[in-house]
Amino acid sequence: MKVAIVGAGAIGGLLTARLGAIGAPGAEVTLVARPNAAAAIRRDGLTMVTPLNRVARLTPRVTDDSLSLGPQDVVILCVKAHALRGTVDTITPLLGPDTAIVPMVNGVPWWYPHRQPEPLADRPLRSVDPDGLLWRSIDPDRVVGATTFVAVEGDGPTRIRHISDQRFVFGDAADRDRPVVDRIVTLFGQAGFQPARTSDIRQAVWVKLWGNLGFNPLSVLTGATLGDLCNDPGTREVGRSLMLEAKAVAERLGVTFATSVDERIAMAAGVGPFKTSMLQDYEAGRRLELEAILGSVIELAERVEVPVPMLRAILALVDLRARERRSDLAA
């Protein structure tokens, strides 16, 4: 199986290390990175610190030229949701007739409305795909939806620290029984992860999204770690309110949850003193995934006519804080 991983961030580095350099039998794994990141990895290798504090230095296959790889069996997208549009030209040379695309992105993914009834009905979400570029450029029928619950931090393109958890969930975006989903699950299992297949990937998306929208924005507003946010009574209740608003939207869209909000909070609390990806981005002055994590849910709420005042308020606060941070760094 030929596998291309697009994006040399924390998740992309972890998958490159575990699927490729450490090795899943029968897989030819290549990391596709930007020129500077690819050069750094070729020069210094990739260093991974495991949850047990073991250090491994790896020499993965890496390129900054996707055209040199040719068509792949699986393309895993490990970039921020707002950066997906910039990957279209990179992805295109990797696509053969049967290539599966696995976007590992936070928030509501651009493919979410695919083959769904009203009020989704194959209409792209403006919040994550403003002009429909992703919808037109990447056939949603290719998509294998994915959610990840791992906690991982990156220190530049050459060093990653895997904090906790091994779980991934995969499912076809159109709820079909596709053999490639089983092949992906097997691949991740061979690499030591804990993968699962689901017949309802949208439910898995919302369960992951609960944690992202409930606590990632609060981490930016407070500077607190995930564990502290979940364990402090005040911030825990604010996060719970955000999650309940999102739950009402999802249920209006036909999603049935097997996990409760309180169970999801307990899951997040178990991660401990971990800086959310949004807080890491804020501190580095990078763009935040506000459109995918908050804006998309607000857009869906408008479609199903569900009020989400807390989500709107938190989005306004975090957006202002992020803009002020960028202004300070630019000064």
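Q: In the hairpin of β9 and β10, which residue takes a positive phi?
A: In this predicted model, the residue with a positive phi is glycine 156, at a value near 75°, and the hairpin has four residues between its strands.

Q: In which sense do β9 and β10 pair, and over how many bridges?
A: Strand β9, residues 151-154, and strand β10, residues 159-164, pair in the antiparallel sense over four bridges, and within this pair alanine 151 stands opposite serine 164 of β10.

Q: What is the order of the strands in the open sheet?
A: The order is β8-β11-β12, three strands with mixed pairing. Because β8 (144-148) and β12 (194-197) each have a single partner strand, they stand at the edges, and one side of each is left without a neighbour in the sheet. Neighbouring strands of this sheet are turned by 20° against each other on average, with direction ignored.

Q: Which strand does β11 run parallel to?
A: Strand β11, residues 167-172, runs parallel to β12, to which four bridges join it, and valine 169 stands opposite alanine 196 in β12.

Q: Where does helix α6 lie?
A: Helix α6, residues 201-222, lies across β8 and β11, and runs at about 30° to β8.

Q: How do I read the crossing of α6 and α9, and what angle do their axes make?
A: Angles of 65 to 115 degrees count as roughly perpendicular. The axes of α6 and α9 (residues 261-269) come within 10 Å and cross at roughly 70°, and therefore these helices are roughly perpendicular to each other. The contact is made by Val207, Lys208, Trp210, Gly211 and Phe215 of α6, together with Val261, Arg264 and Ile265 of α9; by class, five are nonpolar, one is polar and two are charged.

Technical notes:
Residues numbered from 1 in each chain as written. Predicted model: local features only at pLDDT ≥ 70, side-chain atom pairs only at ≥ 80, totals over all residues. Heavy atoms only, no water. Pairing = 2+ DSSP bridges. Helix = DSSP H or I, 4+ residues; strand = E, 2+ residues; numbered from the N terminus. Axes fitted to C-alpha atoms, helices over the stretch in contact; angles between N-to-C directions. Contact = heavy atoms within 4.5 Å. Parallel < 35°, antiparallel > 145°, perpendicular 65-115°, else oblique. Nonpolar A, V, L, I, M, F, W, Y, C, P; charged D, E, K, R; others polar.
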